[in-house]
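Here's a quick briefing to read alongside the model. Take a look at the structure first, then work through the points below.

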Amino acid sequence: MKFISPKIKQFLLLITKLLVVGLAFYFIKSQLSEKEFNWDIISQSIAQKKGYWYLFFLLVLTFLNRFIEILKWQNLAQTVRSTSVWESTQQVLSAITLGIFTPNGIGEYVGKALFYKKDETGKIILLNMICNGIQVLYAVSFGLAGVFYINSLHGFLPAYTSVILFGVILLLFVLFFALRKVTIKTYSLELLLQNIKKIPQKKHLKNITLALLRYLVLLHQYVLLYHFFGVEISYFTLIAVVAAVYLLASSLPNFQALDFALKGSVAIYLFGFFGVDEWVVTIVATLIWILNLVIPISIGSIFVLLIQPKKLFQENG
């Protein structure tokens, strides 16, 4: 892009940012316009004796969910350069906004890299993989436990499916260790592991701890909402169902803008075994989507618009 004048670069960047923000809100609006809410259920739940307390604690958990993610990224980003909570907030929320258009939020990797020099891109992508990877491990571990627990109660999976599932997991482990030294264009799993080991152990331990806290916060957002809407399922069973829904829905390719629709359909199926009203399941999935994605994207859009063109073109151009 060296043959393009700085003014044209700034203009193109502005157009790109406006396009990203515009599409983000278009996706949100189009999805919300297709949803019908049973307002009677919502108004009745708010009117209950502890209704406003439920809402208060839900907002607290919503804040913690994203704030813990910000602390996770700050912890890892500091291995590249000193990063404040405010800088981490801008990077995380901007990345979420840019990731809304890509399957499973892959665009987040590009979003965070925009805040760093071109020669730091590789490390930023690695750090983002570590940041998100530990969340995936928790989702898989707790999710599998939830699936097998629900299956022990209702047997929605044939016995051979469980055997196949364990077989696939075992096969993945075997392939990982067997192929870790295979090199493709200078890249290999062995090299990836070596780069991960270069990060201080304290950073890894903090990342693991914060990731667990964030996962528990996410689960309890669901628990609080289902109790808010009067669902009477034991705490342990409710946690198991939510963990299973999160795993099954997240394992399928999807766009973040459509995330609540996928999680909602899986949740309707699993919660159906416990007699939970489909309206309640749909509303919970939609509210979680609004709280954990729509609100952060609304804030992140501001940061996307405020990214300094001069800085980006000097360091990445």
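This is a predicted model: local features need pLDDT of at least 70, side-chain atom pairs count only at pLDDT 80 or more; totals for chains, interfaces and linings use all residues.

The protein has 13 helices and zero strands, and buried residues make up 43% of its 317 residues.

**Overall make-up**

- Read from the N terminus, the elements of the protein go α-α-α-α-α-α-α-α-α-α-α-α-α.
- Take the contacts between residues at least 6 apart in sequence: 74% of them join residues at least 24 apart.
- The protein exposes about 17,400 Å², and carbon and sulfur atoms supply 70% of that area.

**Annotated transmembrane regions**

- An unreviewed UniProt entry carries the annotation "transmembrane region" for residues 12-32, 52-68, 125-150, 156-179, 208-229, 235-253, 260-276 and 282-307.
- Residues 125-150, one of those annotated spans, are 100% helix and 0% strand in the model, with end C-alpha atoms 36 Å apart.
- Residues 208-229, also on the UniProt list, come out as 95% helix and 0% strand, and here the end C-alpha atoms lie 32 Å apart.

**Helix H9**

- Just after H9 comes glycine 230, which takes a positive phi of about 80°.

**Nonpolar cores**

- The largest nonpolar core has 44 residues, and Tyr226, Phe271, Val276 and Val284 are those with the most contacts inside it.
- Helices H3 (51-77), H6 (121-154), H9 (201-228), H10 (235-250), H11 (259-271) and H12 (278-306) each put at least two residues into this core.
- Which helix gives the most to this core? That's H9, with twelve residues.
- Phenylalanine 271 is in contact with Tyr226, Ile233, Leu238, Val241, Val242, Val276 and Val281, leaving aside neighbours within four places in sequence.
- Apart from this core lies another one, of 22 residues, with Ile130, Leu293, Val294 and Phe303 among them.

**Serine 88**

- Serine 88 sits in helix H4 (residues 85-99).
- Is serine 88 buried or exposed? With a relative accessible area of 0%, this serine counts as buried, because the cut-off for buried is under 20%.
- Not counting residues up to four places away in sequence, serine 88 touches Ile70, Trp73, Gln74 and Thr83.
- The C-alpha atoms of serine 88 and leucine 71 are separated by 7.4 Å, though the two residues are 17 residues apart along the chain.

**Asparagine 128**

- Asparagine 128 belongs to helix H6.
- Asparagine 128 has a relative accessible area of 0%, so this residue is buried.
- What does the side chain of asparagine 128 join through a polar contact of 2.7 Å? The partner is the side chain of lysine 112.
- Beyond four places in sequence, asparagine 128 touches Trp73, Glu108, Tyr109 and Lys112.
- Trp73 turns up in both lists: it touches serine 88, and it touches asparagine 128.

Conventions: Residues are numbered from 1 along each chain as its sequence is written. Side-chain values use heavy atoms; hydrogens and water are left out. UniProt positions are given in the numbering used here, feature names are shortened, and annotations may be inferred rather than shown by experiment. Helices (H or I, at least four residues) and strands (E, at least two) are DSSP runs, numbered from the N terminus. Buried means under 20% relative accessible area, exposed over 50%, partly exposed in between (1.4 Å probe, protein chains only). Contact means heavy atoms within 4.5 Å. A nonpolar core is a set of buried Ala, Val, Leu, Ile, Met, Phe, Trp, Tyr and Cys residues joined through side-chain atoms within 4.5 Å. Accessible areas come from the Shrake-Rupley method with a 1.4 Å probe; for residues, only the protein chains shown count as cover. A polar contact is a pair of N or O atoms within 3.5 Å; within protein, one must be able to donate a hydrogen and the other to accept it, and residues adjacent in sequence count only if both atoms are side-chain atoms.
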